[in-house]
Amino acid sequence: MTDNANKVKMLILGSGPAGLAAALYAARAELAPVVLTGTQLGGQAALTFTIENYPGFPDGVGGAQLGELFQRQAEHFGTRVEFDTANKVDLSARPFKVTTDVGEYEAETLIVTTGASPIHLNVPGEDTLLGRGVSYCATCDGAFFKEKKVIVVGGGDSALEEAIFITRYASSVTIIHRREEFRAGAILQKRAKDHPKIQFVLNTVVTEVVGKDKMEAARLKNVATGEETLLDADGIFIFVGHTPNTQLFEGQLKMDSHGYIETDMLMQTSVAGVFAAGEAADPHFRQVVTSAGMGAAAAIQATRFLEAESG
Ligand code: NAP
């Protein structure tokens, strides 16, 4: 670490609902927090077209718009938002040392809100046809599939919600799910099942994305009968869950077997002065409102931690 390192009372890694809610609370406690945005300003929520279950917005709110409102509110009270990504952390002693794409920080407290990333199917063709039919983001890529045939993989809230969104563009959407029961909530299930453009293929997995320069079909396998079929499609949107973005902290923070950072009720990690919130630490709820709540709690506790130290 050089003498030029930025010395801050609180560094927040990530700019999703957890990070920006933490920033709001820390800024109001006059800690002048710095938020490193990571690669996706606003986090995964910013990629969601409409969020219908964040309280205070009875008609729904755009994911990117909600992120901007969070950011503006945090900045209004003195948060500094940097378009930068941490790529190395040293949590062995305080102040914690963080190296980023463009500089270095020494932080008295750290709040980890690095979120999660979409899980891949790991089937042939998935990587090679990425951006040429394969996508993990309907809001980003849905409009490329006007009047096209699209497959959506998964049986959770994301798959059904995004399938309904893609019907704005696509001529048909086929949801492929490996079981018969869905994880998705009842309202989404009903909306998807009632939608005239949506069909379901159940008890089925995708074993290959087929195509040369662009996707042409998906190879499917019925898990009950073993029967293989080809389904013609121009696009495939994969929503089979998420994995936490916590590799940076491996060996430094205690995590569960899936890589979620372990915290106590006060959002404290295994290292005193390091707090975690949002999807990086939450395998259970993963909602905008719960992530924002965890972020606020982490900042309140970090403030108390610094106050206790200064007597
Ligand atoms: P999820 O709930 O973990 O669902 C993942 C789905 O993908 C499951 O149906 C799972 O099948 C399937 N799957 C997993 N691995 C697979 C594989 N290798 N091949 C085929 N299918 C596979 O993930 P999510 O839908 O992204 O949701 C994540 C969290 O965000 C949830 O807590 C959800 O409630 C929340 N969320 C909420 C909303 C909302 O409230 N509007 C919107 C989006 C997300 P099985 O069911 O067989 O395991």
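Mentor: Welcome! A salt bridge is a side-chain nitrogen of Lys or Arg within 4 Å of a carboxyl oxygen of Asp or Glu. Keep in mind that the model we are looking at is predicted.

Trainee: Thanks! How many salt bridges does that rule give?

Mentor: Let us take one example before the count. Glutamate 208 and arginine 219 meet through their side chains, with 3.0 Å from N to O. Glutamate 208 belongs to strand 14 and arginine 219 to strand 15. By the rule, the total number of salt bridges is seven.

Trainee: Which residue forms a salt bridge with glutamate 309?

Mentor: Begin with helix 6, where glutamate 309 lies. Its partner sits in the loop between strand 6 (86-90) and strand 7 (96-100), 215 residues apart from glutamate 309. The closest N and O atoms are 2.2 Å apart, and the partner is arginine 94.

Trainee: Is glutamate 309 buried, partly exposed or exposed?

Mentor: Here we need the cut-offs: buried means under 20% relative accessible area and exposed over 50%. Glutamate 309 has 46% relative accessibility, so this residue counts as partly exposed.

Trainee: What about glutamate 279: which side chain of opposite charge is nearest?

Mentor: Glutamate 279 lies in the loop between strand 19 (274-276) and helix 6 (288-310). Glutamate 279 is buried yet has no salt bridge. A salt bridge needs the atoms within 4 Å. The nearest side chain of opposite charge is 4.8 Å away, and it belongs to arginine 286.

Trainee: Now the rings! How many aromatic pairs are there, and of what kind is the one between tyrosine 54 and phenylalanine 70?

Mentor: The count comes to eight aromatic pairs. For tyrosine 54 and phenylalanine 70, the centres are 5.7 Å apart and the planes make 70°. Planes over 60 degrees apart count as edge-to-face, so the pair of tyrosine 54 and phenylalanine 70 is edge-to-face.

Trainee: How many residues apart in sequence are the parts that this pair ties together?

Mentor: Tyrosine 54 lies in the loop between strand 3 (50-51) and strand 4 (61-62), while phenylalanine 70 is in helix 2. Both tyrosine 54 and phenylalanine 70 are buried. The parts tied together are apart in sequence by 16 residues.

Trainee: And what separates the centres of domain 1 and domain 2?

Mentor: The domain assignment gives domain 1 as 6-117 + 242-310 and domain 2 as 120-238. Their contact takes five residues from domain 1 and eight residues from domain 2. Taken over C-alpha atoms, the separation of the centres is 32 Å.

Methods. Residues are numbered from 1 along each chain as its sequence is written. This is a predicted model: local features need pLDDT of at least 70, side-chain atom pairs count only at pLDDT 80 or more; totals for chains, interfaces and linings use all residues. Side-chain values use heavy atoms; hydrogens and water are left out. Rings of Phe, Tyr and Trp (its six-membered ring) pair if their centres lie within 6.5 Å; planes under 30 degrees apart count as stacked, over 60 as edge-to-face and the rest as tilted. Helices (H or I, at least four residues) and strands (E, at least two) are DSSP runs, numbered from the N terminus. Buried means under 20% relative accessible area, exposed over 50%, partly exposed in between (1.4 Å probe, protein chains only). Lys and Arg count as positive and Asp and Glu as negative; His and the chain ends are not counted. Domain bounds come from an automatic or database domain assignment. Contact means heavy atoms within 4.5 Å.
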